[in-house]
Amino acid sequence: MQARKSEGVDRVLLIYFSVIVVLGLAALFSASTPVGFAKFGDAWFFVKRQVLFGIIPGVIFAVIFSYLRLDLLKKFSWAIYAASIVFLLLVFIPGIGVMINSSRSWVNILGFTFQPAEFSKLAVVVILAHLLSQKKYDWEDWQRSIVPVLAILSPTLILILLQPDIGTLSIIIAEITVMLFVAMVPFRYLTIMGLVGVVAFVGLVSAAPYRVQRITTFLHPELDPMGQGYQMNQAFLAVGSGGFWGRGFGQSRQKYQYLPEVSADTIFAVIAEENGFLVSSALVVLILLIVWRGLKISLASEDPFGALLAAGIMIWFGWQSYLNIGATVGALPLTGVPLPFVSHGGSAMVMALSGAGIVLNISRKSNI
């Protein structure tokens, strides 16, 4: 289908992004009102924060990035990546870094709190697109091709691992893997990287008892229904009780402080409970359409830098959505990552909309 475009931007993808942001805000309003009133005396607390610190600045950045010349983004890619590493280092500085749920993932500067790992998701895509598009590598010479590229990316991976934030780490690894595949890196290198990743994952799990317990809980949540398995069991109850049609918008029972993190990690469970299988499946389809459309733009781009950018951003959105929804329905262990464009979180929303703006920019020169 020949896409109609508004000022060169792919209108189909723009509509998809607009719809999911509006649906996400409606879902957040319904899911967060009880906890907002109970904790802050304001049923609109989370919605206000999402609009003021997420959607409004996110839309501004999306518009800027949708018009910014890609060669300027490429020119400043090193500065963007260096800034992301500095922010990741700040989380370990006392008085600046903030620990939440045993993870040092937040920074508080002058009263403003944000999550540097969200910025890193985009920064890694930008710098890797620059590295892979700036010259033609001789991939047979692995010491001068794949090794330097991975060495440049390793500080980000190490710093996120030290927080620790395994969910974000897996998202960035997915970005790197897919972008290397798009750049036609030999499959044997990707296979070796995958095997190393599996060994590293087993080592990480074995080194921390709570990770072993999380895997055990994922396999048998019924063994600890009031402890480690509580959140997963409550999510199952919410999704299952929604049935095909749902209880009705605003009628969730689990959001009344039975289900933890209803505004963020488990918001999909509330969506399924209130709106049922039909609407929650439609949301999944919408996410797939966004990823599919973005990948089409990537394939149609004549600019290698733009093609790699679009591919990396789309895999970020797709894999993170899979981690969030998969954990909610019991297909994956809990990772604590938000659902893009839906979950509460200013940092996550701003960076997701920034990524959306970049893909819309790339679509200007993609004939699809």
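**Exercise 1.** Determine in which sense β3 and strand β4 pair, and over how many bridges.

*Solution.* Step 1: strands are DSSP runs of E with at least two residues, numbered from the N terminus, and two strands pair if DSSP finds at least two bridges between them. Step 2: β3 and β4 (residues 103-109) pair in the antiparallel sense, over four bridges. Step 3: within this pairing, I100 stands opposite S103 in β4.

The structure is a predicted model, in which local features need pLDDT of at least 70, side-chain atom pairs count only at pLDDT 80 or more, and totals for chains, interfaces and linings use all residues. Residues are numbered from 1 along each chain as its sequence is written, and side-chain values use heavy atoms, with hydrogens and water left out.

**Exercise 2.** State which strands are the edge strands of the open sheet.

*Solution.* Step 1: the sheet has three strands in the order β3-β4-β5, with antiparallel pairing. Step 2: β3 (97-100) and β5 (112-114) each pair on one side only, and these are the edge strands.

**Exercise 3.** Describe the lining of the second largest cavity.

*Solution.* Step 1: on a 1 Å grid over the protein atoms alone, a cavity is a set of points where a 1.4 Å probe fits but cannot get out, and lining residues have an atom within 4 Å of a point. Step 2: the lining consists of I20, I287, I290, V291, F317, S321, P340 and F341. Step 4: α11 gives the most, with three residues.

Key: 1 Å grid on protein atoms, 1.4 Å probe; cavity = no way out; pocket = protein on both sides within 12 Å on 5 of 7 lines; lining within 4 Å.
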